[in-house]
Amino acid sequence: MKRIVAIIKPFKLDDVREALATIGISGMTVSDVKGFGRQKGHTELYRGAEYVVDFLPKCKLEIVVADEDADKSIKAIVNAAQTGKIGDGKIFVSNVERVVRIRTGEENEEAI
């Protein structure tokens, strides 16, 4: 099993959710986060004073999928989240050793 963590622009969240639902991925965890990479923030004007916003709002999406679903999940996220501009985000993929559904005790792929 694979854990896929995607950091995306907030306005792309619905598009990504719909793209994942289309390929059969329904469970996910979403968090509002802040961060920056090469984008390095931006400057804003507030009441006549200019200030730097270092951390930009992003959404962190986490899913756990079977190994055979990982590539199509990643492709769906990339296609839905890509704008072609700096700050589109990143996807991190890692192995998951074990999953347990608390309610039923089901494990691994039956639990996701």
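The questions and answers below go through the terms used for this predicted model.

Reader: What makes a local feature or a side-chain pair count in this predicted model?
Author: Local features need pLDDT of at least 70, side-chain atom pairs count only at pLDDT 80 or more, and totals for chains, interfaces and linings use all residues. Residues are numbered from 1 along each chain as its sequence is written, and side-chain values use heavy atoms, with hydrogens and water left out.

Reader: What makes up the secondary structure of the protein?
Author: The protein has 2 helices and 6 strands. Helices (H or I, at least four residues) and strands (E, at least two) are DSSP runs, numbered from the N terminus. From that end the elements run β-α-β-β-β-β-α-β.

Reader: Which residues of helix α1 are called buried?
Author: In α1, residues 13-22, they are L13, V16, A19 and L20. Buried means under 20% relative accessible area, exposed over 50%, and partly exposed in between (1.4 Å probe, protein chains only). In the protein, buried residues make up 30% of the 112 residues.

Reader: How do you know where on α1 its buried residues lie?
Author: Look down the axis of α1: the buried residues fall within an arc of 130°, so they line one face of the helix. The arc is that of the directions from the helix axis to the C-beta atoms.

Reader: What covers the buried residues of α1?
Author: The cover includes β1 (2-8), β2 (29-35), β5 (56-65) and α2 (67-81).

Reader: Which residues bring α1 and α2 into contact?
Author: Contact means heavy atoms within 4.5 Å. D15, V16, A19 and L20 in α1 meet S73, A76, I77, A80 and A81 in α2. By class, this contact has 7 nonpolar, 1 polar and 1 charged residues. Ala, Val, Leu, Ile, Met, Phe, Trp, Tyr, Cys and Pro count as nonpolar, Asp, Glu, Lys and Arg as charged, and the others, Gly among them, as polar.

Reader: How do the axes of α1 and α2 cross?
Author: They come within 8 Å and cross at roughly 145°. Axes are lines fitted to C-alpha atoms, for helices over the stretch in contact, and angles run from 0 to 180 degrees between N-to-C directions. The crossing is right-handed.

Reader: Why is the pair K9 and D88 called a salt bridge?
Author: A salt bridge is a side-chain nitrogen of Lys or Arg within 4 Å of a carboxyl oxygen of Asp or Glu. K9 and D88 have N to O at 3.7 Å, and the pair qualifies. K9 sits in the loop between β1 and α1, D88 in the loop between α2 and β6, 79 residues apart. K9 is buried, and so is D88. By this rule the count comes to 6 salt bridges.

Reader: What makes D69 and K72 a salt bridge?
Author: Their N to O distance is 3.5 Å. Both lie in helix α2, 3 residues apart, about one turn of the helix. At 22%, D69 is partly exposed. At 39%, K72 is partly exposed.

Reader: What is the phi of N108?
Author: Phi of N108 is near 55°, a positive value in a residue other than glycine. Most residues other than glycine have a negative phi. N108 is found in the segment after β6 (89-95). At 28%, N108 is partly exposed.

Definitions and conventions
Left-handed = near helix turned anticlockwise from the far one by under 90°.
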